[in-house]
Amino acid sequence: MTTKPNIVLVHGAWGDGSHWRHVIPLLHAKGYRVRAVQNPLTSLSDDIDRTSKFTASLGGPTLLVGHSYGGAVITGAGHTPNVVGLVYVAAFAPDEGDSLGSIFGRREPPPGAANIRPDKHGFLWIEPHKFRESFCQDLDETEALVMAFTQKPIAGRCFEDKSGVPAWKSKPSWYQVSSNDRMIPPETQVWMAERINPKKTVSLDAGHASLASRPREVAALIVEAADSFA
């Protein structure tokens, strides 16, 4: 009898665990024990700590899946002993010493960056009326509206915090590139994917929120990764 690994889904900036709402039922139907962590988005170390503790609490082999900023989180949290692999979904995959800001600095800012605004508390928001065109242009108006009005801001320091030794150097990884991404340049995603040397790279004709617009393809990549450990 084979044992399926747990799957922990890690959200990115301007969202929470509910961004995985279309992927979760697909993984659940395949018999996986799937959970979505809720991170505070207050600092990279805070989010790594929250994800690591949550992952460890599940016990048993666990696959971490990170979207966007969640990729930076799983890069650190992947060192948790029961983590067996990492899946990056249109995500940052930093190396040691990288910050999200330094990765962005490799190219011209993506179109969505122009619609990010700081508040007086040091948190960053996407202008609600610009959210769909920036974050999820391939979602319908209703779903994009809900994402925009329920967005969870991220602390500006998260883009300055430097990554530690990356778990992708010691654990197998998979990567999904979004070719129409307006938040992380597709070329930057391809560069990160090549750098981590994943078991498989999948490119989807999708915006940044591929986990919502292309859930079946994203779930299929996660299942493929999870099945390799069964």
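1. Let's begin with C158, which counts as buried at 1% relative accessibility; buried means under 20% relative accessible area, exposed over 50%, and partly exposed in between, using a 1.4 Å probe and protein chains only. C136 is buried too, with a relative accessible area of 0%. The structure holds zero disulfides, a disulfide being a pair of cysteine sulfur atoms within 2.5 Å.

2. A word on what you are looking at: this is a predicted model, in which local features need pLDDT of at least 70 and side-chain atom pairs count only at pLDDT 80 or more, while totals for chains, interfaces and linings use all residues. Residues are numbered from 1 along each chain as its sequence is written, and side-chain values use heavy atoms, with hydrogens and water left out.

3. Now to a sheet. Three strands, in the order β5-β6-β7, form an open sheet with antiparallel pairing. Its edge strands are β5 (116-118) and β7 (154-155), each of which pairs on one side only. Strands here are DSSP runs of E with at least two residues, helices are runs of H or I with at least four, and both are numbered from the N terminus. Two strands pair if DSSP finds at least two bridges between them.

4. How many bridges link β5 and β6? Three, in the antiparallel sense.

5. F123 has A155 of β7 as its bridge partner, and L124 is partnered by I154 in β7.

6. In a regular strand the side chains alternate between the two faces of the sheet.

7. Is N115 buried or exposed? At 11% relative accessibility, N115 counts as buried. Leaving aside neighbours within four places in sequence, N115 is in contact with W125, I126, E127, K130, E133 and S134; contact means heavy atoms within 4.5 Å.

8. Next, a pair of helices. The axes of α2 (residues 44-58) and α3 (residues 70-77) come within 9 Å and cross at roughly 65°. Axes are lines fitted to C-alpha atoms, for helices over the stretch in contact, with angles from 0 to 180 degrees between N-to-C directions. Where do they meet? L44, D47, I48, T51 and S52 in α2 touch A72, V73, G76 and A77 in α3. By class, this contact has five nonpolar, three polar and one charged residues; Ala, Val, Leu, Ile, Met, Phe, Trp, Tyr, Cys and Pro count as nonpolar, Asp, Glu, Lys and Arg as charged, and the others, Gly among them, as polar.

9. Finally, K199 sits in the loop between α7 (186-196) and β9 (200-204). At 62% relative accessibility, K199 counts as exposed. Apart from neighbours within four places in sequence, K199 is in contact with P172, S173 and W174.
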